[in-house]
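Here is a brief report on one protein model.

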Amino acid sequence: MTDKPAIADHRPYGREGEWRRIFADRFAGTTLDRTKWTTCYWWDEGGCTNLGNSELQWYLPGNVTVTEGHVRLRAQRQRVVGINDTVFPYTSGMITTGPARYRAPEGAKFDFRYGYAEMRAWVPRGKGLWPAFWLLPSSYNSTPEIDVMEVLGQAPHVLQMHFHYRDMDRMLHSVGNGATVGDLSTGWHIFGVDWQPNRIIWYLDGQERWRYENEAAIPREPMYLLVNLAVGGDWPGAPNSATQFPADFLIDYVRVWQRAD
């Protein structure tokens with residue numbers, strides 16, 4: 001594993017101006033900070049998954065570990081019985097600052113309205129692996145959704161950036177861009193999104209990769225963070241015999257800033 005050079009935390013990587021950091025986790029120590037994170041969606045039933053995408057993994061807290069200054073989300077072949085007695089052939093890990101359960105009195109552990117969210121991470125390679133860093137609304141709805149980064153394990157040289165929202169007539173719209181970049185599975189990279197009132201801008205290693213500027217569609221409600229390693233699903237397809245398990249999605253840090261100027 002390559003070294004992780006220190007990254008200043010007083011502002012987003014490669015950005016200028018005055019910023020105020022409102023969230024940060026460097027994953028020091030040996031345990032996940034439960035004041036900041038939970039390890040399932042708010043429909044946690046001793047584990048969870050995303051049935052809407054036909055994913056093949058069941059998320060378990062044991063697949064989330066903190067070691068060597070990063071958090072490791074591990075996907076592995078492991079048959080478990082999940083929701084509605086469904087058998088899942090894989091387990092994996094996720095972390096989120098969202099609510100621990102539906103209508104939890106305390107709400108999300110952390111959410112924000114406008115700002116710059118950034119993560120340094122190392123993605124895995126292999127068909128059927130689907131690492132992601134994204135935002136969901138604290139209202140418990142499934143939209144709007146800002147996908148800071150998604151990578152399909154069979155195409156680690158393509159950075160996927162998407163935005164899903166509903167218009168005034170509740171019609172669902174999905175916009176996005178797949179940027180051809182270097183192989184993201186060979187080292188650490190910095191993924192960021194700048195969510196402003198009139199635009200959303202996506203960054204990789206401090207360089208702009210895509211922007212969306214339909215002001216009427218930009219979210220105006222608090223949103224929380226999610227980081228997960230899905231396995232299979234309608235988009236990436238199932239793993240094949242060449243996909244190596246266990247597969248790890250490593251996260252060095254997650255930070256959020258808002259403009260101070």
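## Overall form

The model is predicted. Its secondary structure comes to 16 strands and zero helices. The radius of gyration is 17 Å, close to the 18 Å that the globule rule gives for 261 residues, so the protein is as compact as a globular protein of that length. The C-alpha trace spans about 50 × 45 × 35 Å along the principal axes.

## Burial and contacts

Of the 261 residues, 54% count as buried. The protein exposes about 11,600 Å². Carbon and sulfur atoms supply 46% of that area.

Among contacts with a separation of 6 or more, 68% are between residues 24 or more positions apart.

## Largest pocket

The largest pocket holds about 570 Å³ of space. It is lined by 27 residues, and N50, N53, W134, S142 and E145 are the closest to its centre. β8 gives the most, with four residues.

By class, the lining has 12 nonpolar, 10 polar and five charged residues.

## Second largest pocket

About 360 Å³ of space lies in the second largest pocket. Its lining has 16 residues. Nearest the centre are Y165, R166, D167, A216 and A217. The lining divides into seven nonpolar, four polar and five charged residues.

Technical notes: Residues are numbered from 1 along each chain as its sequence is written. This is a predicted model: local features need pLDDT of at least 70, side-chain atom pairs count only at pLDDT 80 or more; totals for chains, interfaces and linings use all residues. Side-chain values use heavy atoms; hydrogens and water are left out. On a 1 Å grid over the protein atoms alone, a cavity is a set of points where a 1.4 Å probe fits but cannot get out, and a pocket is an open set with protein on both sides within 12 Å along at least five of seven lines; lining residues have an atom within 4 Å of a point. Grid points are joined across faces, edges and corners, and a volume is the space filled by probe spheres set on the points. Helices (H or I, at least four residues) and strands (E, at least two) are DSSP runs, numbered from the N terminus. Ala, Val, Leu, Ile, Met, Phe, Trp, Tyr, Cys and Pro count as nonpolar, Asp, Glu, Lys and Arg as charged, and the others, Gly among them, as polar. The radius of gyration is taken over C-alpha atoms; the globule rule is 2.2 Å times the number of residues to the power 0.38. Buried means under 20% relative accessible area, exposed over 50%, partly exposed in between (1.4 Å probe, protein chains only). Contact means heavy atoms within 4.5 Å. Accessible areas come from the Shrake-Rupley method with a 1.4 Å probe; for residues, only the protein chains shown count as cover.
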